[in-house]
Amino acid sequence: MGDSEPQFIQIGKNDVKRRIAVQNAPGSGASSLPGILWLSGFKSDMSGTKAEALAEEGARNGQGVVRFDYSGHGLSGGDFEDACVSDWLEEALAVFDACCPGETVLVGSSMGGWLALLLALARKNSGRIKGLVLIAPAVDFTEELMWKQRFSDEIRAAILADGRWEQPSVYSDAPYVITRKLIEDGRNHLLFGTPLHLGAPVTILQGAQDPDVPESHARRLVEALPLDDVTFSLVPDGDHRLSRPEDIDLLLRAVADMSTR
């Protein structure tokens, strides 16, 4: 799979097959660095600022970088409203299994942080998880950040009655459609409530001015990983995206550090 043109893989069975776009830039054969698997956020894709910066840095140092679009996102097939966490996790696992044969650093942003954790737990015994770098990890966001905290009684009632609700977005002119399926399926993948053990080091990058994933939410993840080596970096003036040049530099340094541990 080349870097310039994405390739497509079929994931799922029968009538729920999805055509998933993947960009796999192989590393240099002379490099001993682990590969990188990028996991985007909710309604984001593999062409975002942080993903592109990782791919460019990987090309410079001979490090392989794999990126993909979830179903209903970017270049992949499928309808966003039909998809849920189970689908996106299945896709992440399939891409990891197909494209990441060696040691791999998982880099996840927002929802991608939650998926990176779920992937690391599912492939804990593979011996291929070098570490995780998580940017504003939105762990359990469908339940903890949406259903419990942000949604009013009226919004919850609308989702239950109509099966969907349109949430205005500060990142796009089009609203985010939150479906009942997304909320209910998310409950099958909740991580908070019991201690977690990934068996791999974790670096968390968090903006103190993040309106979507509060600092307290990211710190809750630190507390949920009592047996793992966790580094927590707070950017005092950082927002949710952490995509300014100085934020990108911080991300690249964190990934380089994780890669050479």
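Which residues does the UniProt annotation "domain: AB hydrolase-1" cover? According to that record, an unreviewed entry, the annotation covers residues 51-246, with positions given in the numbering used here and with the caution that annotations may be inferred rather than shown by experiment. The model is predicted, so that local features need pLDDT of at least 70 and side-chain atom pairs count only at pLDDT 80 or more, while totals for chains, interfaces and linings use all residues. Residues are numbered from 1 along each chain as its sequence is written, and side-chain values use heavy atoms, with hydrogens and water left out.

Within the annotated span, 39% is helix and 19% is strand, and the end C-alpha atoms of residues 51-246 lie 15 Å apart. Helices (H or I, at least four residues) and strands (E, at least two) are DSSP runs, numbered from the N terminus.

The strands include an open sheet of eight with mixed pairing, in the order β1-β2-β4-β3-β5-β6-β9-β10, where two strands pair if DSSP finds at least two bridges between them. Its edge strands, each pairing on one side only, are β1 (7-11) and β10 (230-235), and the twist from one strand to the next averages 20°. Five bridges join β1 to strand β2 (residues 18-25) in the antiparallel sense, and Gln10 stands opposite Arg19 in β2.

Helix α1 (residues 49-61) lies across β3 (35-39), β4 (65-68), β5 (104-109) and β6 (129-135), and runs at about 155° to β4. Axes here are lines fitted to C-alpha atoms, for helices over the stretch in contact (heavy atoms within 4.5 Å), and angles run from 0 to 180 degrees between N-to-C directions.

| Helix pair | Angle | Axis separation |
|---|---|---|
| α2 (residues 85-99) and α3 (residues 111-122) | about 60° | 10 Å |
| α1 and α8 (residues 245-259) | about 50° | 10 Å |

Angles under 35 degrees count as roughly parallel, over 145 as roughly antiparallel, 65 to 115 as roughly perpendicular and the rest as oblique; α1 is therefore oblique to α8. The crossing of α1 and α8 is right-handed, meaning that the near helix is turned clockwise from the far one by less than a right angle. Thr49, Lys50, Ala53, Leu54 and Glu57 of α1 meet Ile248, Leu251, Leu252 and Val255 of α8, a set with six nonpolar, one polar and two charged residues.

The α2 and α3 helices are likewise oblique to each other, and their crossing is right-handed. Their contact involves Val85, Trp88, Leu89, Ala92, Leu93 and Phe96 of α2 with Met111, Trp114, Leu115, Leu118, Leu119 and Ala122 of α3, giving twelve nonpolar, no polar and no charged residues. In these classes, Ala, Val, Leu, Ile, Met, Phe, Trp, Tyr, Cys and Pro count as nonpolar, Asp, Glu, Lys and Arg as charged, and the others, Gly among them, as polar.
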